[in-house]
Amino acid sequence: MEGISLDVTSIFPSLSDVLYQELRSTISGDTYRRGDPSFLDYSRMFNGDVKVNAMAVVCPLDALDVSQVILFCRKHSISASVKAGGYGTAGWAVGGDIIIDLYKISDIDIEPPAADGSFTSIRDMPALGSKGKVKAGPPLLDRSDAATSSKRRREDDHEPSYDLASATVADFLHPGGSSAPFADRPPATRRKLEFAAPALEIPQMSTYSATSSSCQNPSTTLLSSNSLGSSVPVISNLLASNIPSTDGPATTDVALPSPLPDTSSKPPPCISSLDDPFSYLDDTSNTPAPPVASTSRLAQSMPNALFATPSFLESSTNILTYAMPIYSHAFMTFGAGKRQKEIDQFSAANPLEAMSLAGGRGVVPYHVPSAAHPVGSAIMILGGFGFLGRLHGLSSDNLVEAEVVLADGQIVLVNHNEHPDLWWALRGAGPAFGVVTRYKARAYPVPVVFAGNLIYRFHRATAPSLIKHFRDCVKGAPRELYANVLLTAGPAGQDSLVVIQMCYVGPKVKGQEFLQAISSWDGERCLLNEVDEKSFLHQQDSVAQVLRGKAGNKWFIRSALISSLPDDIVNKTVLQFADTPVGCTWLFELAGGALVDFEDNCIPKAQRQASFTVAALHQWDIGFQDPRCVHSAEEWIAETLAPVTLGGPLPSFLGRQEPPGRVIACYGENWARLCEVKKKYDPDNFFRNSFWPLNAEGEIIEPEEHEPQHIEF
């Protein structure tokens, strides 16, 4: 590779001045080579265990820029990798000589369907920087606005705070007010509690709700109210007061409380926080997130700019719960630089017109099905399962069109009618076939969700019973119900937890029966039940709130799809989890529903028929070393779950050091066809910095050959 020199400040190569100037001159976006202060910022990954060997980072503004970068790399025999969020744990996004960071391609738009159900094609929408008219919906952000917005987003990327998902859960998981996950370095053994103390009560506190001015929560175990006014126990005091360890056999030291009377008519107080829960990629202190301005003409035309920001969802004037959508779906167009949280924020700030049950006009936000925060836009081409998945399918199932830059630099529009073979492969294996710069996807009305957490102390003697109860309750559940059960570390210095998360896509009146069934288990005291009506935007933060994910930690993920959850698997899982280090989370997620409705892309039918998705989500401090952080996940997924495993995981769950066989198993019977499409569109494997486990000759390669090094693996 001519023109590549050794950076005198490091052992890594850097672009020569000649190549650097050539690259800069070919694109409109910015270029940062190694040694530039901005290089580290734009090459940083959520997983702090990834070693970056790249020579430069480029930040294209559009598909033409991406095309020029690819042609430059081909001319000089330089490899490229693509970064669209930086949340992938394997580090493929920063594995190339040149990192293409798509974050400045951040235009976004929403439009209702035309009378015949069609949408405005991406080719007919104005290009970035264009001042032309839009056929439908508000204008896309122009180039200068997108660049400014992206710069501000980078500046506002701080340590995570999860309070918007649930202030009550935030208090529970961070006693004493600390929001730093695992503030005390995780030891090699599980933390234990020492003695019991009753919950304490304090006078009524300020109220907070995701959807209204009151918190209606009839089943909150630790929250109560009476005719003289509400009161709330101090959850942090409960946890700090050291209740007996339950790693050993069950004891009768702590009496189970009698069932509480129904308090559904008396809202418990909640605690408010305005911190942005997902500002991950910087180490500076928390600051409030800037409001997301609405570009909706409808929203702006309503009195007092009521819908100008997502804070409308928290106001006492919220009428979303009482509005009926006019459209069964809408279409969202967004650049590949948009992270899912930003898309959800835009959805909340730009609702579409609806019919108010009170008469007159109302509005309803429309959301694209996606995994919970935080994820980047690549979730749209790697599967993507979340709270709306059982009702509307995977993220990739709801993609209707994409602007793609191919391995030869050609820019194409891909949809059902154009490049149908690539369209089939793109939805599920996209990163191996091209660079998607803009997406168009279906979005669905979500006026309100009845959702939240039920939290129990992890006890190896009773946890199997709780998981089996959960399994039996969700059997045959309607598509509107999402549910998972996870085993996770408790607050710093405390026992581990069993957390059941449910999300009924609809109002409380329809979802209440499922909460009653799940919460009827009486084998242990429920430490917290905060299931309530809330906005979908806030619900999207809930998984990461429980995980307390931290940028810069080491991350290791393994996942599988299973056909059933028999008793012996549950029993073995609980025993194994009891011996994992702090920072490990194991998840059983109810699958099925609409996943089986789609067979026109490369994710095979067999995987779609799974009963549960399971995942081991492990994080630990960058300076902490314990082989069990990796080995326990491998053993659980590859051995314990093997009798019920269906092929490989959803592609969006592929992580670092994945055996090639597991990657191939993701696509099952579709693998051979996928290889043929790969030969057609990327015959020399230009997009090698991806999950793709084959070289240009079609031979299987080990992860080390197409994955960056890890600092301490």
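Which residues of helix 19 (residues 671-681) are buried?

1. Basis. This is a predicted model, where local features need pLDDT of at least 70, side-chain atom pairs count only at pLDDT 80 or more, and totals for chains, interfaces and linings use all residues. Residues are numbered from 1 along each chain as its sequence is written, and side-chain values use heavy atoms, leaving out hydrogens and water. Helices (H or I, at least four residues) and strands (E, at least two) are DSSP runs, numbered from the N terminus.

2. Helix 19. The buried residues here are W671, L674, C675, V677, K678 and Y681. Buried means under 20% relative accessible area, exposed over 50%, and partly exposed in between (1.4 Å probe, protein chains only). Seen down the axis of helix 19, the buried residues fall within an arc of 165°, so they line one face. The arc is taken from the directions from the helix axis to the C-beta atoms. On the other side, A672, K679 and K680 are exposed.

3. Helices 15 and 17. The axes of helix 15 (residues 567-577) and helix 17 (residues 628-640) come within 11 Å and cross at roughly 165°. Axes are lines fitted to C-alpha atoms, for helices over the stretch in contact, and angles run from 0 to 180 degrees between N-to-C directions.

4. Two positive phi values. Q657 has phi near 55° and is not a glycine. Q657 sits in the loop between helix 17 and helix 18. N685 also has a positive phi, about 55°, without being a glycine. N685 is in the segment after helix 19. N685 counts as buried because its relative accessibility is 5%.

5. A cis bond. The peptide bond from H373 to P374 is cis, with omega near 0°.
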